[in-house]
Amino acid sequence: MNFLLEIGTEEIPHWMIPAALDQLAKLDLLGAKPTLDASPRRLVVRASEVPERMPDREEILKGPPVSAGERAASGFAKKQGVDPSEVKPKGGYYELHKRIPGRRAIDILAESLPTAILAIQWPKTMYWTGGKLGPRFIRPIRWIVALLGEQIIPFEIAGVKSGNITRGHRQLGSYSIPVGIADYESELRDNFVILSSSERREKIRAEAFALGAKIDSALLETLTFITEYPTAIRGDFDPAYLELPSEVLTTVMRHHQKYFAVESSPGVLAPHFVAVMNTSGDPEGLVKTGNERVLRARFNDARFFWDTDQHKKLADRVEDLAHITFQAKLGSYKDKTENVVALVHELAGNEYAQRAALLSKCDLTTGMVKEFTDLQGIVGGLYAKAQGEPEPVWRAIYEHYKPISMEDSIPSTPEGQIVSLADKLDTLRSCFSIGLAPTGSKDPFALRRAAQGVVKILVEARLGYRLDQLASGDLRDFLIDRMQHYFREIRGFKYDEVNAVLAAGVTTLADMEDRLKALAAIRPTENFEPLAASCKRIRNILKQAEFQPDGASVKSDLLESGPERNLANHLAAFVHEGETDYGRRLLKISAFRPHVDLFFDKVLVNAPDPKIRANRLTLLSNLLSEFSTIADFSEIVTTGEQKL
Amino acid sequence: MDCFQDTVSKLKRYWAGCGCIIQEPYDVEVGAGTMCPETYLRVLGPKPYRVAYVQPSRRPADGRYGENPNRLYKHQQLQVILKPSPDNVLDQYLASLQAIGIDLIKHDIKFEEDNWEAPTLGAWGIGWQVMLDGLEITQFTYFQQCGGLDLDLVPAEITYGLERISAFLQGVESVYDIEWAPGVKYSDVRLADEVEFSRYNFDLANVDRLWRLLAEHEAECKDLLAAKVPLPAYDQVLKCSHLFNLLDARGALSVTERVGVIKRVRDLAVGVARVWMDQQAPAQQEAA
């Protein structure tokens, strides 16, 4: 049977809708697979082939013992509501194979749907009826359509009874539309609701593109889920505003007004914008005019801020940072600035970097950043440039929040890299010092992102700081965890490769990257995995023998000629060469494979003579430690192990 | 074309028709219509209430010496409280826009997530900003908590920005060009106090005296709370809140002071809410 559930609500925040649908995808429809759709005012689940009822099943009921006689048997049958002939003796007892008819789907769903709907997890919920003990949802539920075939699945949530009445677009559609499953989507369309989010997305994309919009995928997603009937229109603004920095104009359009920017050529803004309405058209141009007026006011604000902010230079705003809280327990941005400047100094940043660090947060006191907060840093950089700060300084300020995500690039200059590093590292150190390390999904200070940024800068700028020099204790562990995440998820190294390199020592992140690259390159070669397996064997042998390396060298006179002496000679030559290039060194190590194999083939490590045994263990121990300077091969998961 | 005062009276008339008491503005400085006792106290407890009023709202830090066409130290809100919120509350709201001459079919209306929180009042709610052709014209909030107390009947709070709506309806670029009454512009009525109060808020207010006044009003509030008179006590909370805003605009608050004063005001506000609720309790028992 066909199934339709429409949860009709007041406007749901756009960004929460996809996650809610993911949860509804798990809705139990007696095995039928749900398909999902949503607009800001409705979450919709449809399915076909929902069974009409659950299959019948048989239950075996044990009755009185046979010894109790037939009278007891018929009493049992009567109690179960069956003919006495159905009760049969088995194994000394009467028993009944009772047929339990499967429950009807409509009854099951009427029972399960209210719970399932209210079980949807939202980032923030509200109550709207029945006081705080009332049902909680993201926004009030105002209607529910619940149909199985022709029938209404009867239930009630928050005083709203399920039915077959939906609602159209707020302004263009009808308030009350009786629907069946077959005509549901077309009825909505007739009432100016495009149910399919992919159809809305494509409509916006196509119309906006035709109007010259530079399509921004995050904005496209937002617009898809704040409209039921999207239509794009183009508006214009006075080209005089193009004198303002394009960063400012774009932010105003995209983040504040949800407009697409229009470019005349790549990277050059044109004096137009594309707005997406939640209605079918703008025949009188009223919406266009309205949006243009709003944008003009916004641009005027920006120009006002741009002009008035210049009256006080960034350098004169450092003291004002004392009035802006960084974190209640950690003090103001002035305190934070002092920390960052000191840290840049400690990290041997040059005077440009120190100047940039000093000015980096000053834009927080400007009207522009108070109004357009996502422009922090960028505005500071632009102001510093306008106020004659040298390029390395203003550029470092401009870019010091980068990278803002794992996909974002790191600052482009050494000064920017060091200021960004110091800023993030200071935040991490300060927060960890007062016990604000992130726990589980809670990370109010975005410390994971800060740590990712630290890792990304250290690796990609190839900075020469050892991790141990930058952090200790929990913070060191946290950074190592983020480093593993970065190398695995962003760079695609295998988890055991990352572990192997980590186990061989925490150095600078650039060095660890080099070692990882060399390891990943050697890994597919034929000698490598068998050698890794041998390393594991050596480690186990040393462990079993409780061997403690005492720094003694291998005693040549105790070596048996043949495989043992051969291996020792190779090792001595290898040590003597002292190859430092990771790739070549690994190649040479893997060339040990036949010698190691032969050794294990022919030589008994556990020799009866304790002196010889100790000498052999020393040989193996030296071999392992020479091999393990780049990566600890015993961490490598070899093919044989994976099969296990 | 409607002048400012026409639009205001049409909105009041509309909400009166929806069963609201039409109150007059509260006569103590507030930063928003929410802070008036008609909202702050009336939303507490189990008694239904519907009220609408214009509230001039003072935000010292928002002043721009009358130079910015869209920023005001003091703007006017039309505040509507529907307690409990009716099921069709958004439809009622949209009809109010029709009532002031906005043909909804010809415009683009969006409800965009915007939750509201006022730490100094221990209050928060869930809602939207209502966008009309890209212009934010209304803040809509379902109150969840007020004075640190969970609410028995969830009220809808609808706050219209009257200058913005009038500028939109009249098609003017600057609030100062709004026609307040026939032949009288907004600037004729209000420009002088924008200029002078910006000077006062940013440059002239005597910081030491503000601190002393804050302490005095706080002390008065505590005495009044001890005497179990929440309404006069609440006036003192509003005085403290406004003094805090003035100190802030003067740049006189260090980080720790800021946190400290917010907490002092919040403690007073929460105290008032408690005493008010205690007084409601006997009435509830009578009703039961």
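Domain bounds, as used here, come from an automatic or database domain assignment. On this basis, chain A of the predicted model is divided into domain 1 (3-52 + 105-190), domain 2 (57-100), domain 3 (197-309), domain 4 (314-492) and domain 5 (525-643). The centres of domain 2 of chain A and domain 5 of chain A, taken over C-alpha atoms, are separated by 75 Å.

The overall dimensions of chain A were then considered. Along the principal axes, the C-alpha atoms of chain A fill a box of roughly 100 × 95 × 45 Å. The radius of gyration of chain A is 35 Å, whereas a compact globule of 644 residues would have a value near 26 Å. Of the 644 residues of chain A, 39% count as buried. Among the contacts in chain A with a separation of 6 or more, 63% are accounted for by residues 24 or more positions apart. The secondary structure of chain A comprises 25 helices and 19 strands.

An open sheet of 3 strands in chain A has the order 4-6-5, with antiparallel pairing. Strand 4 (57-65) and strand 5 (87-90) of chain A stand at the edges and each has a single partner strand, so one side of each is left without a neighbour in the sheet. On average, neighbouring strands of this sheet are turned by 35 degrees against each other, direction ignored. Strand 4 of chain A pairs with strand 6 (residues 93-100) of chain A in the antiparallel sense over 7 bridges. In strand 6 of chain A, A:Leu96 is the bridge partner of A:Leu61. Helix 2 (residues 69-80) of chain A lies across strand 4, strand 5 and strand 6 of chain A, and runs at about 145 degrees to strand 4 of chain A.

Strand 16 of chain A and strand 17 (residues 268-277) of chain A pair in the antiparallel sense over 4 bridges, and A:Glu263 stands opposite A:Leu269 in strand 17 of chain A.

Strands of a sheet pair through backbone hydrogen bonds, either parallel or antiparallel. Strand 12 of chain A illustrates both arrangements. Strand 12 (residues 160-163) of chain A runs parallel to strand 9 (residues 141-148) of chain A, to which 2 bridges join it; here the bridge partner of A:Val145 is A:Gly163. Strand 11 (residues 156-157) of chain A, by contrast, runs antiparallel to strand 12 of chain A, again with 2 bridges, and A:Glu156 stands opposite A:Lys161. Strand 11 and strand 12 of chain A form a hairpin with 2 residues between them, and A:Ala158 in the turn has a positive phi of about 50 degrees.

A:Ile108 is located in helix 3 (residues 105-118) of chain A. A:Ile108 counts as buried because it has 20 C-beta neighbours inside 10 Å, and the criterion for burial is 20 or more. When residues up to four places away in sequence are not counted, A:Ile108 touches A:Leu30 and A:Arg103. A:Leu30 lies 78 residues from A:Ile108 along the chain, yet their C-alpha atoms are separated by 8.8 Å.

In chain B, the domain assignment gives domain 1 (4-201) and domain 2 (206-287). The centres of these two domains, taken over C-alpha atoms, are separated by 23 Å. In chain B, 23 residues of domain 1 are in contact with 22 residues of domain 2. The side of domain 1 of chain B that touches domain 2 of chain B has 13 nonpolar, 7 polar and 3 charged residues.

The contact between the chains takes 34 residues from chain B and 35 residues from chain A. On the side of chain B that touches chain A, strand 4 of chain B gives the most, with 5 residues. The residues of this side divide into 15 nonpolar, 8 polar and 11 charged.

Terms used:
Residues are numbered from 1 along each chain as its sequence is written. Chains are lettered from A and ligands numbered from 1 in the order in which they are written. This is a predicted model: local features need pLDDT of at least 70, side-chain atom pairs count only at pLDDT 80 or more; totals for chains, interfaces and linings use all residues. Two residues are in contact if their C-beta atoms, placed from the backbone, lie within 7 Å. Ala, Val, Leu, Ile, Met, Phe, Trp, Tyr, Cys and Pro count as nonpolar, Asp, Glu, Lys and Arg as charged, and the others, Gly among them, as polar. Two strands pair if DSSP finds at least two bridges between them. The radius of gyration is taken over C-alpha atoms; the globule rule is 2.2 Å times the number of residues to the power 0.38. A residue is buried if 20 or more other C-beta atoms lie within 10 Å of its own, exposed if 12 or fewer, and partly exposed in between; C-beta atoms are placed from the backbone. Axes are lines fitted to C-alpha atoms, for helices over the stretch in contact, and angles run from 0 to 180 degrees between N-to-C directions.
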